[in-house]
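Hi everyone, thanks for making time today. I'd like to walk you through a few spots in a structure that may be new to you, so let's bring it up.

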Amino acid sequence: MPIGTEIRTFFEGRWHDGDVPVMKAADHGSWLGSTVFDGARFFDGMTPDLDAHCARVNRSAKALMITPTVSTEDMVAAVREGLKAYDPADPVYIRPMYWALNGDASGIVPLPEGTGFAICLEKVPMAAPEASTTLTRTRFRRPVLEDAVVNAKAGCLYPNNARMLAEAKSKGFGNALVADALGNVAETATANVFMVRDGEVFTPMPNGTFLSGITRARHISNLRADGVTVHESVLSFDDFHDADEVFLSGNMMKVTPVTAFDDTQYQIGPVTRRARQLYWDWAASER
């Protein structure tokens, strides 16, 4: 289902206007869920970290035993060609994706000689700077590598995220603050998370249970270069109740302020605003 408008699809080596069918009923990805994707953004004429997102989808494919068939450089070139159909002011979500076509004799293990590839471009608005969300706890947790392919941006991980998000929304909140297998905070249902206390920034330490995002890494780099102390550490739910500010980090909206975690209220504070400004300034410098 499209989440945006003015869709373009790159499939079988060329661009098509519209939401073009790309997968067959018997494809391994259709019935066994061997799909990976990544997400990049085009806004204000900029495509920040596009190469990193294209490189990551190839790593995700390998983690899911899908053979990547398009180099990072060729993928970036294809995206840039597809974006020429949009106005530079258009906000576009860029989604390259792979899926396995064939399985072995068991039908389960993907075979290396069959890989589907497509890129979907969709016009999806960027959130306003003041657009915020709220968080609550969920009974669902992030899996570990022994349970799921948490080292890939894989479609099969998202039903778990969906039930986290559905539970949060049923309680009247916008998102869920999610624990790892040990009960420490990992991320939210849809994005990495940061908290601020006494002017210093804290974010959960990558421990193999969640995807440590490209945009997350960019915020850490930008904030440290700006003189802000950033800690990657083990964090509890109590730490978030004691925080001065909380914000989310994801490719879709880059920075999303949080105004509440259950009954704890936050203001959209100076560090959150600074993180957003630093990101936009960095992206403009890389144009």
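Predicted model: local features only at pLDDT ≥ 70, side-chain atom pairs only at ≥ 80, totals over all residues.

Let's start with strand 11, residues 200–204, and strand 12, residues 230–233: they pair in the parallel sense, over four bridges.

Now bring in a helix. Strand 11, helix 5 and strand 12 together make a β-α-β unit, and that unit is right-handed.

Staying with helix 5, which covers residues 214–225, we can look at how it packs with helix 7, residues 270–285: the angle is about 100°, and the axes are 10 Å apart. So helix 5 is roughly perpendicular to helix 7.

Who meets whom there? On the helix 5 side we have T215, R218, H219, N222 and L223, and they meet A275, L278, Y279 and W282 of helix 7. Sorted by class, this contact has five nonpolar residues, three polar ones and one charged one.

One last stop, at V178, which sits in strand 8, residues 175–179. Is V178 buried or exposed? Its relative accessibility is 0%, so V178 counts as buried. Leaving aside residues up to four places away in sequence, V178 touches quite a list, including T138, F140, M164, V185, T188 and F237. Take T188 from that list: V178 and T188 are ten residues apart along the chain, and their C-alpha atoms are separated by 5.2 Å.

Key:
Residues numbered from 1 in each chain as written. Heavy atoms only, no water. Axes fitted to C-alpha atoms, helices over the stretch in contact; angles between N-to-C directions. Helix = DSSP H or I, 4+ residues; strand = E, 2+ residues; numbered from the N terminus. Parallel < 35°, antiparallel > 145°, perpendicular 65-115°, else oblique. Contact = heavy atoms within 4.5 Å. Nonpolar A, V, L, I, M, F, W, Y, C, P; charged D, E, K, R; others polar. Buried < 20%, exposed > 50% of the residue type's maximum accessible area, 1.4 Å probe, protein only. Pairing = 2+ DSSP bridges. Right-handed = clockwise from strand over helix to strand, strands pointing away.
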